[in-house]
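Biologist: I'd like to learn how to read a few features off a model. Could you walk me through some?

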Amino acid sequence: MREPFSSMLASRAGKLALSLLLASPQLIPGTAAFTFVPIPSPNLNLDPLGRVAFAGDFDAISLYQFQDQSQEPAGVNGASAILSRFPNGVFATIQKTDGDVKAMCAYQKDGNLHGIVVGGNFTSVDGTHTPGGIAMIDPNTGDPTAVEGLNGSVNALHCDSGRGQVYVGGSFTGAESANAIIWKGNWSEMSFLGFNGPVNSIVAGLNDTVVFGGEFSGLGNNITGATENNTQALPVGSANLTAQTSSGRPGFTEPKNIACKGDQIDSQGANSTWLLADNTPGFWRADFGFGFKPTKLQLYNTNFESRGTKTWRYTALPDGGIMNFTFTDPTTGQKSFCDARCPLPQGNRSAQDFFFVNKVGMNAFRIDISDWYGQGGGLNAVQLFATDVFSYAIDEFNRPSCGGVQGAGSATKTGPWLVTPSHDSNAQYLTATLQTNNIDPSANFVVFQPNIPQSGNYSIKMYTPGCRGDGTCGTRGRVNISSSVSSKKTIPSSVELYQTNEFDKYDEIYNGYVDATDGFRPSVTLAPVANQNPGTGVLTVVAQRVGFEVLNASSGELNGLFEYDPDQQEVEEDFSKSVINSAGAGLTPADEAKITTLATADDNLFVGGSFSSDGGLNNIFAIAKDAQAPTQLSGGGLNSQVNIIYANGSDIWVGGNFTDLKNGGNSGLKGVAAYVNDNWQALGAGVTGVVMNIVPFSMNVTDGIPEEVLGISGFFTEVNGFSGNAAFSVNDFAVWVPSQKNWLQNLNTQGLDVQGHLTAWANIPNADRLYGGAVSSQSLGASGAAVLQHGGPSLSLSGFSLDIQAQQSSLRKRSLTEGQNLTTTGIVTAVFDKSNNRNLTIVGGHFATTGSDGQNITNVVIIDEKDSNKVTGFTEAVDSNSTFAALAVQDNTLFAGGRVTGQIDNNRVAGVVAWDLSTNNFASTQPPPLQGTNVTVNAIAPRRNSKDVFVAGRFESAGALSCPALCIWNTERNQWTAPGGDISGVVTSLFWISDTKLMISGNLTVNNNQTSLFTFDSTNSQFQTIAGASELPGSVTAFTPASASGNQIWAAGEAADGSAFLQRFDGSKWLPVNDMLQPDTNIRGLQVLSLNENHDEAQLIDQNQDLLLLGQINITGFGSASAALFNGTAMIPFLLSTTAQNTPGSLSQIFVENPQSFFQNGNKHLALGFVVLIALAIALALTFLLVVAGILVEYYRKKAAGYSPAPTSYTDRMGNVGRVPPEELFGTLSGPRAPAI
């Protein structure tokens, strides 16, 4: 008996016990690895059906074999994941993240695996807040743990197992370090405290060193940044100002008196001074709508009426901590410290500067006055400063609303922006709610203009509040950020960012020189990206603040590369002693070289990025072990930026946005290339776009033996053609097979399909790799149709021997008729034909392919399995933009219908065409065209043992004959006839439940009665509604007989409220299936299947049956599946599929070789009478064999003893018979007496 599905769903496979069970079947005993729970194979009795296949809207498909297998799209709206692989090779999600996974490695210490470190720009893993974009994955449970202490994001990781520590690089601050730090159970700073710019890559050096690559020009402790930044005043006047125990005197009570003084900051008196009540302690408080980290407090004491503040303390809110300060004692001129009792001099109205010892975040502060001069305390002015330069989207936060600080930042907004509470963020922000069908970036934007006091190198950061606080995670999307940083740079730099972070984050949007001369003010513009839809029809855009952080001054000797010796306590001051450091220093542009990637191959360190040099080091170069200088690669390097280098042995693969060698001569190096034996090799002819990542993984490509292939990810839409291989479209991802020197798509293999992007990978000790990325994969890549292999110990899937090409790529679907969606790319319908000694597979839809004789075939293909799978089909007579939705064979004629137009023998056809299978050409007589608006044939059903072919769909007439929605083509008379009765509307499905009874579904009016399900009796041409069908909650989209007699029915459709329904008609009433289906379910097909073993008894279905549901089935407690099996008590996923657009697929049809066998008993036990007869026959056969054996033995025994037959004479043997007939001889033997002797 099958394990109940509810118990299978009780555990979550994302929280799996570790055993990394990947495509490799071997496990190392005692090794930790993720274990995947298998799903029992369904006990379907498919053998009587012959060949079984499915059609629908998909490009990849899998059997549901393991818990947590899914067809949900990966990486929706910026999300990513930590990935493993199921035993069937499909990628498995271990944990989800709300941002990119950029790096991962195995953290080992003392020879033991302590966890898997994952870094990126995410803020959460599986809902766990992970500040700083770093988390540790438990190697025993898969659970994430935040590695707290960083603020920012992580770009690079290097796990040093020998020293038991992890080098972390990125764009972050932590402890006293910037952009680089060590983790070894806790955060540990390196002696140089990081860098003055982001780190992009970290690798082990060739001489037991560690090499950092990035966008830096100095070490983190080179703090020679200009001091002018300390003059950035916070707008205290825009805060909510309050005070306790104010004097109550007119003109001296209002707290704003000392916050909004403008140029008269040292003035005092009424409306310029704030006083406490006489001889009473009190406080002055400022509450801001945003967070800040002040570096200096400036207080102006009062001496009005000889009053003044003597001692005070500063309390940071909301934490309540008393801050520590340094200041210069005005009496001694010496540096002093204070905390709870800080002093102010008496009678001194000049500014007194107090510098914060610690940089602490807060959104409010309070100055508590504990002692005073004269009759009471008071102040003339308060000013607060920070080194961080911010511009807030809420312009009131940029400057005091009552005047005061001049030259502050500003922000302007255009569009429906509203102020949103800070929630879990550190500042209020603006929110715009837009309809996705009308996103206009030019009408919805915010422009930030910070006050930059000096030109210099800055890191510009965009701060985005988390979506969990305001509940908008489902409607957040992408924004475009453009930065104007120089009056001489006419084209702003721009970058797209996702705003789907669950918690607060910042992204570095620019790193480099910012101009602040001649009145120029830099600006940053935030606007939504057009043509996006998070899936709800609504897009939420948020705007909070932009920060400008001045970078530490350059050392003049570092330029994106730094070699670190962990065994040295202090950093070598002479950087030129390192070949690596010197190589970086020699790159141009000076101080602005961008190192994006590092890799070691054999005894060479390869460096890639965006740079050049006089020595031919263009975007990539190598440094050999113990070399005295870097080595240029052949061809002078590459002609544009390198983003990634993957090394395997002595070979490397390179990705970027280059298109050729720097010196030219190899135009096939577009976006991706290999460097083997000091020579560049093209990967085919490259791609049309930019490659960002190269990740290795294993696949069964040719001989069923796993081999390493390369996942190429980036931003490209096409793989270029080469050497007889045509170009093909992709969606930012392609797979290169090094052993075949070709792209996987060109090899026409049937196997794993992967969509999305892979961004990181890590080798795990004694186990298989982990991956990072947003991937949707299924076990079989097949466009629109797949064959279900059965008869063995388990089920499997295979594709048709067709190379299907889409004819239309701009739209995936288009509604062709009410109640039915027809794909405009791929296979829609199919049929097997074994009649008249044929063995054909016929598929239809909207596609193009090439026949066996080289002819171009569109939309209908015929595969003759008796003729070596020869491929023929429709060519030029039918318009190529037609879409076929229904196929059926009657005698030697194939009828194909859908949205069809064309000219056959100069005669117009529409809706349906006939194809002569005996001549393999269009039939000489075609059905006259169907007439109407948007003519579409949805179903074709020949009546058994007759010459009638029933055609149904959306039309008004056939030729000159009025027969709306349903018409009959007679193949003997070659004419249309109407079925009779009054029918109108649209028919979606037809099914013969007997030789004379046809079941019909659709949105119809029959004899003035609105209905969705009824029958037609061909013997009397009468329509009859199904009892209670008019009371179904909505239109029927799929139905099937529930019994062989057809007196019971399964029906499914869409209710008036948009929900899906599924009900069974038991002959008298309808029985609903409740609580099994969730919203967004679309049932497109139903079929009852027999079982090998009975399931538990259920009211809704026979014990020897399962009901197959096809479509997009959103199962309660599971999610979306393309096919599911219902056993009366549970809805069990059966098939999962996805499209090339990284969306869930949908199945619409099951087609089989022997459709008459659907209701064959799957119990495979003979009746008792047959068992007895068979046993008797076997017994008689054995008895006969024993007798024959005995005769043969006796014969040979006598022959061996010398016996011979006695001589006999047959002379006149029959003579006496003529004299005495037998009847006379026995004629006296009459009566019961005994004969006399």
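**Reading the features**

Modeller: Happy to. Leu1182 has its place in helix 4 (residues 1168-1201). Keep in mind that this is a predicted model.

Biologist: Which residues make the nonpolar surface patch of about 930 Å²?

Modeller: The patch is made by Ile1174, Ile1178, Leu1182, Phe1184, Leu1185, Val1188, Leu1192, Tyr1195 and Tyr1196.

Biologist: On to strands. How do I read which way the side chains point?

Modeller: In a regular strand, side chains alternate between the two faces of the sheet. Now take strand 53 (residues 733-737): Phe733, Val735 and Val737 point one way, while Ala734 and Trp736 point the other way.

Biologist: Are those residues of strand 53 buried or exposed?

Modeller: Five of the five residues in strand 53 are buried. Buried here means under 20% relative accessible area.

Biologist: What does strand 53 pair with, then?

Modeller: Strand 51 (residues 706-719) runs antiparallel to strand 53, with four bridges between them; in that pairing Leu710 has Trp736 as its bridge partner. Strand 53 also pairs with strand 54 (residues 742-743), again in the antiparallel sense, over two bridges. There, Val737 is the bridge partner of Asn742. Strands 53 and 54 form a hairpin with four residues between them, and Lys741 in the turn has a positive phi of about 50°.

Biologist: And the open sheet of three strands: what is its order?

Modeller: The order is 31-32-39, with antiparallel pairing. Strand 31 (417-420) and strand 39 (538-543) each have a single partner strand, so one side of each is left without a neighbour in the sheet. From one strand to the next, the twist averages 35°. Six bridges join strand 32 (residues 429-435) to strand 39, and Leu434 stands opposite Leu539.

Biologist: How many disulfides are there?

Modeller: The count comes to four. One of them joins Cys105 to Cys159, S to S 2.0 Å. The pair links distant parts of the chain, with Cys105 in strand 5 (residues 101-109) and Cys159 in strand 11 (residues 150-160), 54 residues apart.

Biologist: Why is the disulfide of Cys105 and Cys159 right-handed?

Modeller: The torsion about its S-S bond is about 65°, so the disulfide of Cys105 and Cys159 is right-handed. Cys105 is buried at 9% relative accessibility, and Cys159 is buried at 18%.

Biologist: What about Cys467 and Cys473?

Modeller: They form a disulfide with sulfur atoms 2.0 Å apart, right-handed with 90° about the S-S bond. Cys467 counts as buried at 0% relative accessibility, whereas Cys473 is partly exposed at 33%.

Conventions. Residues numbered from 1 in each chain as written. Predicted model: local features only at pLDDT ≥ 70, side-chain atom pairs only at ≥ 80, totals over all residues. Heavy atoms only, no water. Pairing = 2+ DSSP bridges. Axes fitted to C-alpha atoms, helices over the stretch in contact; angles between N-to-C directions. Buried < 20%, exposed > 50% of the residue type's maximum accessible area, 1.4 Å probe, protein only. Patch = residues over 30% accessible without salt bridge, like charges linked within 9 Å, V, L, I, M, F, W, Y side chains within 5 Å. Areas by Shrake-Rupley, 256 points an atom, 1.4 Å probe, with all protein chains shown as cover. Salt bridge = Lys/Arg side-chain N within 4 Å of Asp/Glu carboxyl O. Disulfide = S-S within 2.5 Å.
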